[in-house]
Amino acid sequence: QVQLVESGGGLVQPGGSLKLSCAASGFTFSSYAMKWYRQAPGKERESVAVISTDGGSPHYANSVKGRFTISRDNTKKTVTLQMNSLKPEDTAVYYCNVAMSAWPRDVYWGQGTQVTVSS
């Protein structure tokens with residue numbers, strides 16, 4: 001059974017930092033790219049960052065480039081999102097994601113973790 005469990009969200013002031021973690025289980029973690037998405041109130045879910053199986057060639061949404069860093073530990077089966085210089089517009093529920101194929105039934109999501117950036 002595939003499980004993705006996010007942690008690390010919370011309330012932070014503008015300019016602050018947070019580190020999100022996603023613990024994966026139930027599949028061969030090292031075989032799949034991993035993604036972080038976010039969804040702000042009243043907005044569609046958007047891709048934030050993606051990392052390849054070996055941790056190379058991460059890609060970021062333009063809105064977070066230079067501020068967020070995605071990384072993974074294939075031994076610990078975790079993927080993290082280090083978020084620096086946070087802005088109020090980063091406020092959202094952040095989700096960990098893995099797509100094992102193009103079929104919707106093979107796409108898995110965590111439960112999400114709330115990030116609120118406010119003074």
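Me: What share of the 119 residues in the chain is buried?
Reply: 38% of the residues are buried. Keep in mind that this is a predicted model.

Me: How many helices and strands are in the chain?
Reply: Zero helices and 11 strands. Along the sequence the pattern is simply β-β-β-β-β-β-β-β-β-β-β.

Me: How compact is the chain beside a globular protein of that length?
Reply: The radius of gyration is 14 Å, close to the 14 Å from the globule rule for 119 residues, so the chain is as compact as a globular protein of that length. The C-alpha trace spans about 40 × 30 × 25 Å along its principal axes.

Me: And what about the accessible surface?
Reply: About 6400 Å², with 48% of that belonging to carbon and sulfur atoms.

Me: Contacts next. What part of those with a separation of 6 or more is between residues 24 or more positions apart?
Reply: 53% of them.

Me: Switching to rings. How many aromatic pairs are there?
Reply: Four. One is Phe27 with Phe29: the centres are 6.2 Å apart and the planes sit at 50°, so this pair is tilted. Both of these residues are buried.

Me: What is the geometry of the pair Tyr37 and Trp109?
Reply: Edge-to-face, with 4.8 Å centre to centre and 65° between the planes. Tyr37 is in strand β4 (residues 34–39) and Trp109 is in strand β10 (residues 107–109), so the pair ties together parts 72 residues apart in sequence.

Me: Buried or exposed, those two?
Reply: Tyr37 has 16% relative accessibility and counts as buried. Trp109 is at 36%, which makes it partly exposed.

Me: What lies over the face of Trp109?
Reply: Arg45, at 4.4 Å from the ring centre.

Me: Now Arg38. Where is its place?
Reply: In strand β4.

Me: Is Arg38 buried or exposed?
Reply: Buried, because its relative accessible area is 5% and the cut-off for buried is under 20%.

Me: Which side chains does the Arg38 side chain make polar contacts with?
Reply: Ser63 is one, at 3.3 Å. Tyr94 is another, at 3.0 Å.

Me: What else is Arg38 in contact with, leaving aside neighbours within four places in sequence?
Reply: Quite a list. It includes Glu44, Arg45, Glu46, Glu89 and Asp90, as well as Val48, Val64, Phe68, Ala92 and Val93.

Me: Where is Ser57 found?
Reply: In the loop between β5 (46–51) and β6 (59–60). Ser57 is exposed, with a relative accessible area of 54%.

Me: And what is phi for Lys77?
Reply: About 60°, again positive in a residue that is not a glycine. Lys77 lies in the loop between β7 (68–73) and β8 (78–83). At 36% relative accessibility, Lys77 counts as partly exposed.

Note on methods:
Residues are numbered from 1 along each chain as its sequence is written. This is a predicted model: local features need pLDDT of at least 70, side-chain atom pairs count only at pLDDT 80 or more; totals for chains, interfaces and linings use all residues. Side-chain values use heavy atoms; hydrogens and water are left out. Rings of Phe, Tyr and Trp (its six-membered ring) pair if their centres lie within 6.5 Å; planes under 30 degrees apart count as stacked, over 60 as edge-to-face and the rest as tilted. Buried means under 20% relative accessible area, exposed over 50%, partly exposed in between (1.4 Å probe, protein chains only). Helices (H or I, at least four residues) and strands (E, at least two) are DSSP runs, numbered from the N terminus. A charge sits over a ring if NZ of Lys or CZ of Arg is within 6 Å of the ring centre and within 35 degrees of the ring normal. A polar contact is a pair of N or O atoms within 3.5 Å; within protein, one must be able to donate a hydrogen and the other to accept it, and residues adjacent in sequence count only if both atoms are side-chain atoms. Contact means heavy atoms within 4.5 Å. The radius of gyration is taken over C-alpha atoms; the globule rule is 2.2 Å times the number of residues to the power 0.38. Accessible areas come from the Shrake-Rupley method with a 1.4 Å probe; for residues, only the protein chains shown count as cover.
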